[in-house]
Amino acid sequence: MKKKIILFIALTVLVVAGMALLASYVFSGGKYDNISWEYRNDVLTIKGEGDMPDFYYECPLDKYAEKAKELVIEEGITSVTGDTFYGFNKLEKITLPDSVNKIGDSAFDCCISLKEVDFGEGVVSIGRNAFEFCIELESVKLPESLESLGCVSFSCCEKLKTVHMGSKLKEIGWSAFDDCHEDIRFFLNEENPFLVCEDGVFFSEDKKTLLYYCNVKKNETYTIPEGIVKIAPYAFLNSENLKKVDFPQSIQIIDEMAFCNNSNLHIVTIPDSVTEIGKGAFGGCINLERVYIGKGVSSELESVFVLSACISEISVSEENMHFSSVDGVLFNKDKTKLIMYPAAKGGVVYEVPSTVNEIGRGAFSNSNFLGVILPDNLVSVGESAFSNSTIEEINIPASVTSLGENAFRDCESLKKIIYEGTMSEWKKNFSDSYYDSRTANHTVICSDGEINVETDDE
């Protein structure tokens, strides 16, 4: 009898253990549009034909975001849709088939446990932010098939130290590897006919365009090689270690946002060879103090230095045919347009020269002074002209017919606008869009009465 009881107990234990073991192999799955999936033992497997669908508002795969440690996409799937695996926090390994040719924007963004990616040999493009914040990723071997690498695609992968790139890569987006490991190394296939990589800096094959300067480089000074004609958009974005950049005489174009947010640049000397500077090229360079503009620059300079609040002086070559400067203030050549009053120039009251009939967009933005005297022949005040300045009082002549949107946005010290025209002319010519809720309550004093402006929406 005892033997039977012991045997029964043993069998029961085996059955329970077996059921527990079987339960660990029980999988969940599902279907959506042209794909199906299975989840078993921490592995999520995707099957199907063609591009993965856009899941729009609710992705049925999200329930595995805190479970799946491995993702396997099987042959037949041709693309990984953007955002599909965003924030899969447990994912450690990804295996893609040769049939996948595209990885969408933010497809694997914030996969904070990811350590290994097998791309297969079919991926042609990787979208922006595709692997951003994959903070455990240490090494990446991009497929030989890859032609386009999106901006910020591997940014903030703070342990990423080695990147292998193939011979077909044609495009590398801005900030693709920004804020990765400070000792990151790039290995570009020597047979690549489209790009050149030298010590973390990427150039076009003919070395006439500087495409991307990885912002983790430790250099405080960088000399752009002679022969470079163009600096691509965003090329030096957020390169906070740089204090000085030496430009070659071959340089002609500094494209938009090229040096944006380089917080340690103090002095910029733009050589005579430069003819074009793009919007925001030195925007957000918060410690930039002095700028010299050579004789060749002819492109519009409004917004080039936006939010560079420490500039105290802008000087221009006397030979420049398009721009001039007086006491560090930037004008067009004939001084009919005031383009930029350096934000850190200071002063109590600034008197605009009588030749000026136009105040440019953002011209006095972020400036530190009490007031401005405008000339009687002034016609136009540009968008955001005095935004975020410390201005307290301003006299606007009746000749002004255009007051730009947000002209006094965020002017928290503004108390008084003296308008030489009538109240009806003020209301006819200027809408309420010149201020916002952060502009101080102020009074508009017209020739025939006063208008009390309450800016608080409440």
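The paragraphs below take up the pockets, then the cavity, then the cysteines.

This is a predicted model, in which local features need pLDDT of at least 70 and side-chain atom pairs count only at pLDDT 80 or more, while totals for chains, interfaces and linings use all residues. Residues are numbered from 1 along each chain as its sequence is written, and side-chain values use heavy atoms, with hydrogens and water left out.

Rolling a probe the size of a water molecule over the atoms shows where empty space is left. The search runs on a 1 Å grid over the protein atoms alone: a cavity is a set of points where a 1.4 Å probe fits but cannot get out, a pocket is an open set with protein on both sides within 12 Å along at least five of seven lines, and lining residues have an atom within 4 Å of a point. Points are joined across faces, edges and corners, and a volume is the space filled by probe spheres set on them.

The largest pocket has a volume of about 300 Å³. Its lining has 22 residues, and Val306, Leu307, Gly362, Ser365 and Asn366 are the closest to its centre. By type, the lining holds 10 nonpolar, 8 polar and 4 charged residues (Ala, Val, Leu, Ile, Met, Phe, Trp, Tyr, Cys and Pro count as nonpolar, Asp, Glu, Lys and Arg as charged, and the others, Gly among them, as polar).

The second largest pocket holds about 260 Å³. Of its 15 lining residues, Ile184, Arg185, Phe186, Asp199 and Gly200 lie nearest the centre. Strand 15 (185-188) and strand 16 (195-198) are the elements that give two or more residues to this lining, and strand 15 provides the largest share, 3 residues. Strands (E, at least two residues) are DSSP runs numbered from the N terminus. This lining divides into 6 nonpolar, 2 polar and 7 charged residues.

The whole structure has 1 cavity of 30 Å³ or more. Val245, Phe247, Phe259, Leu265, Ile267, Val268, Thr269 and Phe282 line the largest cavity, with strand 23 (residues 267-270) giving the most, 3 residues. Its lining has 7 nonpolar residues, 1 polar and no charged.

How many disulfides does the structure hold? There are 0, where a disulfide is a pair of cysteine sulfur atoms within 2.5 Å. Cysteine 214 is buried (under 20% relative accessible area, with exposed over 50% and partly exposed in between, 1.4 Å probe, protein chains only), at 1%. Cysteine 446 counts as buried at 7% relative accessibility.

Conventions: Helices (H or I, at least four residues) and strands (E, at least two) are DSSP runs, numbered from the N terminus.
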